[in-house]
Amino acid sequence: MIPPPKLDDRSFHDIVAEAISMIPRYAPEWTNHNPSDPGITLIELAAWMTDLLIYRLNQVPDKNYVAFLNLLGIKLHAPRAAKTLTQFSLVEGAAKQRVPRGTQVSTPHATEETTVTFETARDVLVTTARPDRCFSYFDESYSENSRFIDTAPGTSSGSFEVFAGAQRIERFLYLSDPRFANTGESSLLRVFLGTPETGGRDMARLLEWEYWDGTRWKEMEPAQIDIDRGEVAFMGPLRFEPTQVNHIEGLWMRGRLAEVPESPSDTEIDTIRARVEVVGEGLLPTQAYANLDNSAFLQLDLSKNIYPFGKEPKVDCLLYLACDELLQTADAYISIEMVLADSSVIPRPNPSDQLVLAWEYWDGKRWRHLGRTAPRGTLPGTGDEHGFHDDTKAMSQSGTVSFRRPKDMDALEINGVSKKWVRVRIEKGDYGEQGTYTLDNERWVFKDDRPVRPPALRTLVFRYREDYRDVRHVLSFNDFQFTDCTEVARTEFTIFQPFSAKPEESPALYLGYTAKPPNDSIGLYFHLEEELGLGSIPNEEAEVATTELSKYETMRRLAWEGGQRVVWEYWDGRDWEPLAVDDETRGFTSSGFTFFVAPDDWMISSKFTEERYWLRARLEQGGYVKPPRVRLVVTNAIDAYNTETIRNETLGGSDGTPLQTFKFLRGPLLEDEFVEVKEKQRPPADELADLGPDPVRPVNPDDPQNNEVWVRYKRVDSFFASGPRSRHYTLDYVSGTLQFGDGRRGMVPPESKNSIVATSYRIGGGALGNVNANTLTSLGRALAYIDTVTNPIPATGGGDRETIDEAKARAPYTIKSRDRAVTTEDYEMLALRASTQLARAKCVPDRTNRGHVTLALLPKADTRGEELSRRLVPSNEVMRFVKNYLEERKLVGTVLNVVRPRYKDISLRVVLVRRSVGTSDRLRKDIELKLRRFLHSLVGDKSGKGWEFGRPVLKPELIHLVEEVPGVEGVDRLEIRDEHRNVAIEHLRLDDDELPYLVHVHIAEKVRDDIR
């Protein structure tokens, strides 16, 4: 369109100067042209009045232009109401309460002018039964997302992927036994997993073992020794500490199933047993005492040669031995290894033939025999039941004494120390006799036929071994549930499966309720990070002209819905049953509610180790181009709009004249008004066909003789297509004026008093309604059992009424496109027409998919000061509305994707040149502000109209820009860094739908003398 020229473009100063220039011609005697001269003052007065006339004259083309637009039906767009969520909470002790539709909530301001009011759009049931657990599951992995349920402000950020897991689902076999305490130095712990002979793989090799050391589950490294199938062995020391597993206290070790085999038979088990051995150098006794004939207890120093019965052993000399770690387990094989001292230093023992050593233990009442031994070997008889065997032949040679630890061994206090003791007593005999002097032929002779040579030990260590025995507790942890397998693991030839086979389960989202919800409609709101609607799906408001197009759109909708099928299910105690839901998220492709009625047979179950009423959404088939991510799951909430509903307002009565007008009392008006007119009798059916469902209601239902009815009229853009009996009206949302037809184009309402009523209409809207989160905290009126209200997410979508300048700029494109989106320019202008919140739009074809169009939207924003550093992106609500608006106006077959603009992050480093040393914070701020403004998406570029989509960022432009800042003497170096690739670049290339975003500006200064 060619802009109309001004009729007269002279200004006030131009008129004054022109009048003064004409003085010498018309009044040559007038020579004083100073402003103080009264004549000049009169000239200025006349110029001022002339300027006013010129201004009004110049308005004539503008007025004619606006009048022309009105003739074409170009109207100002009404304001749009912001939308948000309102979340309610109950007072303590209340179980549930219904909040009716139209409940008002507002910001807690004192004055009505600054109070922002919202109304709930639907009824909502507020209940204490709400989910507190949320898990995502996929392919043997899961993620806990409970922190995203009803998140308090400032406590959580980010989002979670609906159908994905970050942690592997663990399957454990837990074993507990008190014998694990014996796995100290030089110990060997053996675990045996008996498996069927038909098993294809060794079960023990599929597990990764850990034990609890008091602070964490510590890895256990298998010992590098020869072991049989089903066995696994671990070298000590293993410092087991007691802990609770599934409410059972004990010493625990566990095996993690490293991989779930394909065949379930590979993880079947018959029996589970364990044993502990002491190998290697053995363990020294904890205590060792020698008790000689004087009843004194001598503590033996085991680090050197010792005399267990002293140097002159006699009958009833005793050796006491204790080993804390090894004498704790009944029926364990205990061996005591004794090595005699070097014979070159201490002679070998000299036992008598009558020597008998008695090995004894304390049973709590008296000392009982473990066994008896003599120089010729172990004596039969007493202690045979303990398997006593002595290779040392009564300590006359190096060897081993072995026995089973008696079950009735008890602790006894010896020399002030209470322990389980083993003692060795010289029952009879000796290790030689003292020499004597005898008189032989009047001469004293020393006779030493059997010299005393007691046993001297260089080494005395304990060793330990036990038979494979059943462990005390066996638990399996599978599918987040513990199962006690203790009894079945002790029974031979009874095969059990601790781990279920790999489930063929679809990706799912699990929600766990603390209590069973009431049998009523319950809503969950899922706030998605990004709208993922794929393709052009017609909404319910779209109108299709022909049967063929209707069928085409229906098939396209079915194809899209088949792209990802999400089914909701609940646990009925035996299986997952389908749950009927009203899913407004369309399979997690857009933010919205999911409504369901809690079934009667919903049962509590254990999942992810939690007892809850579990609900799940399962991706039964299909997938997503981009996985959906949820920022927030909100309960006890419903959508609300920045509106106020006025009901049953009488607009006036008809006088029967054509083109009657009536005015609504309040404004600004929003859409969805309902206007009814009183008529004498019910109109014929053909006259009601285009008025929608149930357009007639009786004035007095209780009086059958009264035929008067209220008829709901229909709003139209113009009366062009209206007939004489068409019950239509037009409405100017700006002025709030309603107009009826003239009888030829649109019916004249029947004459009657107070016969025209607005049964309901909404007022409000505007950008003021885009309030922050948690600001709507005041209820319009008190509600029973409702404690608090808030909005967990910011309100979005609110837009002010279109300005006259915006309408004038829009009009040419409206006339050109005729409300149809064909060219890229059409898409861009219709997007700006759809929402007054948008500043710019960029439409580009999708090169990867023919017939696809991508529309990037840029919202309006404050461009002062620090606001220049914000990344501008439209809200999901605005994107959804623009997409729905364009779906009705694009060509059939075109796939429209409405997206946020893509930003490429860059950082700049500028090195300035200065003559003297020093810094200037003001100069740095000025440079950063100018760079940010130049690259800004709304006020950037040299034109100040915003950086163009796809325009590259060039280094010379930035250098010249910095040098234009007052105070900058020069730029020594400017570096552009691509933040995504983290590399320095000479210039930044952008795609057609991309914009630059300046992340950081680093400014350094260099003195001129430093430059080489």
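Analyst: Let's start with a term: a salt bridge is a side-chain nitrogen of Lys or Arg within 4 Å of a carboxyl oxygen of Asp or Glu. Side chains of opposite charge can pair when their charged atoms come close. This is a predicted model, where local features need pLDDT of at least 70 and side-chain atom pairs count only at pLDDT 80 or more, while totals for chains, interfaces and linings use all residues. Residues are numbered from 1 along each chain as its sequence is written, and side-chain values use heavy atoms, leaving out hydrogens and water.

User: How many salt bridges does that rule give?

Analyst: The count comes to 59. One of them joins the side chains of Arg-133 and Glu-610, at 3.3 Å from N to O. That pair links distant parts of the chain, 477 residues apart: Arg-133 lies in strand β6 (residues 131-138) and Glu-610 in strand β42 (residues 610-622). Strands here are DSSP runs of E with at least two residues, and helices are runs of H or I with at least four, numbered from the N terminus.

User: Which residue meets Glu-620 in a salt bridge?

Analyst: Arg-565 does, with 3.1 Å from N to O. Glu-620 is in strand β42 and Arg-565 in strand β37 (residues 564-571), so these partners connect distant parts of the chain, 55 residues apart. For burial, read relative accessible area: under 20% is buried, over 50% exposed, and in between partly exposed (1.4 Å probe, protein chains only). Glu-620 is partly exposed at 32%, and so is Arg-565 at 43%.

User: Are Lys-890 and Glu-887 buried or exposed?

Analyst: Both are buried, and their side chains meet in a salt bridge of 3.5 Å, N to O. Over the whole chain of 1012 residues, 47% count as buried.

User: Now the sheets. What is the strand order in the open sheet of five strands?

Analyst: Strands of a sheet pair through backbone hydrogen bonds, either parallel or antiparallel. Here the order is β8-β43-β36-β40-β39, with antiparallel pairing; two strands pair if DSSP finds at least two bridges between them. β8 (160-161) and β39 (581-583) are at the edges with a single partner strand each, so one side of each has no neighbour in the sheet. Strands β36 (residues 521-528) and β43 (residues 629-635) run antiparallel and are joined by five bridges. Within that pairing, Phe-526 stands opposite Val-633 in β43. The chain as a whole has ten helices and 64 strands.

User: Which strand holds Thr-594, and which residues is Thr-594 in contact with?

Analyst: Thr-594 sits in strand β40 (residues 592-597), and its 1% relative accessibility is why it counts as buried. Contact means heavy atoms within 4.5 Å. Beyond neighbours within four places in sequence, Thr-594 touches residues including Ile-522, Leu-524, Phe-526, Trp-568 and Val-581. Its side chain also makes a polar contact of 3.3 Å with that of Asp-583. (A polar contact is a pair of N or O atoms within 3.5 Å; within protein, one must be able to donate a hydrogen and the other to accept it, and residues adjacent in sequence count only if both atoms are side-chain atoms.)

User: What pLDDT does the chain average?

Analyst: The average is 83, and 89% of the residues score at least 70, on the predictor's per-residue confidence scale from 0 to 100.
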